[in-house]
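This report describes selected local features of one protein model. The account follows the structure shown here.

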Amino acid sequence: MRHGKGIRAAWAALLPRLEEQEEPIVMVSHRHVRKHRSFLLFLLWCVPTGYAQQPEQREIVIPNATQKLWWSGVINQGEEMPLHNGYSADLTESNYGNQVQPILLSHQGDLIWSEDPMRISVEKDVLKVTSTTRSLHCIQAGTTLREACRYASVHFFPPAGKMPEELLFAAPQYNTWIELMYDQNQEDILNYARQIVAHGFPPGVLMIDDNWQEDYGKWTFHPGRFPDPNAMMRSLHEMGFQVMVWVCPFVSPDSDVYRSLRDQGLLCKDSSGKAAVVRWWNGASGLLDLANPKARQWFKSQLANLQATCQVDGFKLDAGDFHHYAGCQSHGQATPQEQCQWYARVGLDYPLNEYRAMWKMAGQPLVNRLRDKSHSWEDLQKLIPDILLQGLVGYSFTCPDMIGGGSFTSFLPGHPIDQDLIVRSAQCHALMPMMQFSVAPWRILDPEHLEACKKAIQVRAKYTPTILKLARQAARNGTPIVRSMEYVFPHQGYGNVRDQFLLGDHILVAPLVVKGPKQGKSIRSVALPAGTWKDWRGKIHQGPNKLRVEVALDGLPVFEQVVHE
């Protein structure tokens, strides 16, 4: 088409402004029609002819693939993006302990989508994508990563128009896991909550983790450890907390609940047709067949009972990983991926929800947490690339793992605690969509580090209105809350930047994610794009530029772009 490149460039430039509109892009008021008639005619003319789509295929082979930058939808491999020779992923077998989307995106606007699980490999500069069915879509959606993301959102996982409970974004979250592990009990949970408030931390969502229940599948508070759960809930609510409890689709095989569900045919079966006993991280259990409507109804009735009788506000829905369903027989011959998806749909009934495992379901009001990270600088460096990848593939409502790490073995007696790492982790969380504490900062930090950690919360409070605005936009149009440099500033050499991100389009965040020197101030480099930027200390900088900035213990480098209307 004549002038096609100019039209595509104009569309790419206008797309960020369209995404910021209060109304969904696909819905146009009469006022907008009158005001933007010529622009709408422009869209009608150029946009439908701007996409090139091949027929659905079972296999796609792209030579010289490493000449472009590609991202896959395997969230736990964010630090490996863009793709490189030697990369492989098999979504037919694994969700890699986190969310997965059957998608690939390139920085030049390419998009590959599969309705079904697929395998991905890059060898000798050749990208090979194979689907289990003839369901691969190969699309030239534009010329930028942003355009590819936008096309995928509109056509394959359109936003639902809803977001999770705002408190998940507006205040820090607190999880009892690291402090109590498997000793969840009423007295210590109340003490944890009181200590949060007493040490000047704002109340928010409090998650009671695994082992509050009588048994797996028996979703009532254990009477020995929780003598009066209603009184506990009243106290927590009075302190300003909303409360979530941990649940999973497993059922202990030596329980009366298991026997009842087995006899009703509501559990996954093994090859012999008997109720399967599945190995998972807490032993061996039966597994709800959530592809069966009666099993979903039973599970939801247990959650509804907790809300009605104990005033539980929401649920952390753990597990759901593909491999737990491998080899099982399910209602309607559901695949492991479909079982994961049925489990995710349960959370749509609860604005307070959290998931770790996910298949598809982008664009929905579901909170997707990163996989457990250890207490190490290496794992801290994974937070930014992983959470950026979540946003690229449609998971906007995201939570990094617990501050300082969520792997409880890192905090067992005898394991050293790096106080700097706790602070830098809190700073990394501070301007992400959500931030979540578990290990108690006041227990493990000296006064200097504790104050630095609390300052990260103050920084978040400053930007909370922006975070909420972006979350509401994401609910309407599917755009990420936190964005990669390549997404916002395409084709300027930022495709491999993994240690800084943007909150929206105009706030650049560059946390310190490496161990600083024992003596002296820490220094980090910042890739500053074109424009005028005001840093967290009030200094003005001109980009593009590569800055070296000093970062104090309580410092979080933030640069706000000075935008001239």
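In this predicted model, the side chains of glutamate 354 and glutamine 436 form a polar contact at 3.2 Å. Glutamate 354 belongs to strand β19, which spans residues 353-355. With a relative accessible area of 1%, under the 20% limit, glutamate 354 counts as buried. Beyond the residues up to four places away in sequence, glutamate 354 touches Gln173, Met207, Met244, Phe315, Lys316, Leu317, Val367, Arg369 and Gln436.

Methionine 434 is found in the loop that links α14 (419-430) to β23 (436-437). Its C-alpha atom is separated by 5.0 Å from that of cysteine 399, although the two residues are 35 residues apart along the chain. Apart from neighbours within four places in sequence, the contacts of methionine 434 include Leu168, Phe169, Gln173, Val367, Phe397 and Cys399. Gln173 and Val367 are among the residues that touch glutamate 354 and are also in contact with methionine 434.

The relative accessibility of the two residues is as follows.

| Residue | Relative accessibility | Class |
|---|---|---|
| Glutamate 354 | 1% | buried |
| Methionine 434 | 0% | buried |

A separate topic is an open sheet of 4 strands, ordered β2-β8-β7-β4 with antiparallel pairing. Because β2 (59-62) and β4 (88-90) stand at the edges with a single partner strand each, one side of each has no neighbour in the sheet. From one strand to the next, the twist averages 10°. The antiparallel pairing of β2 with β8 (residues 126-131) runs over 4 bridges; valine 61 has lysine 128 in β8 as its bridge partner.

Conventions: Residues are numbered from 1 along each chain as its sequence is written. This is a predicted model: local features need pLDDT of at least 70, side-chain atom pairs count only at pLDDT 80 or more; totals for chains, interfaces and linings use all residues. Side-chain values use heavy atoms; hydrogens and water are left out. Helices (H or I, at least four residues) and strands (E, at least two) are DSSP runs, numbered from the N terminus. Buried means under 20% relative accessible area, exposed over 50%, partly exposed in between (1.4 Å probe, protein chains only). Contact means heavy atoms within 4.5 Å. A polar contact is a pair of N or O atoms within 3.5 Å; within protein, one must be able to donate a hydrogen and the other to accept it, and residues adjacent in sequence count only if both atoms are side-chain atoms. Two strands pair if DSSP finds at least two bridges between them. Axes are lines fitted to C-alpha atoms, for helices over the stretch in contact, and angles run from 0 to 180 degrees between N-to-C directions.
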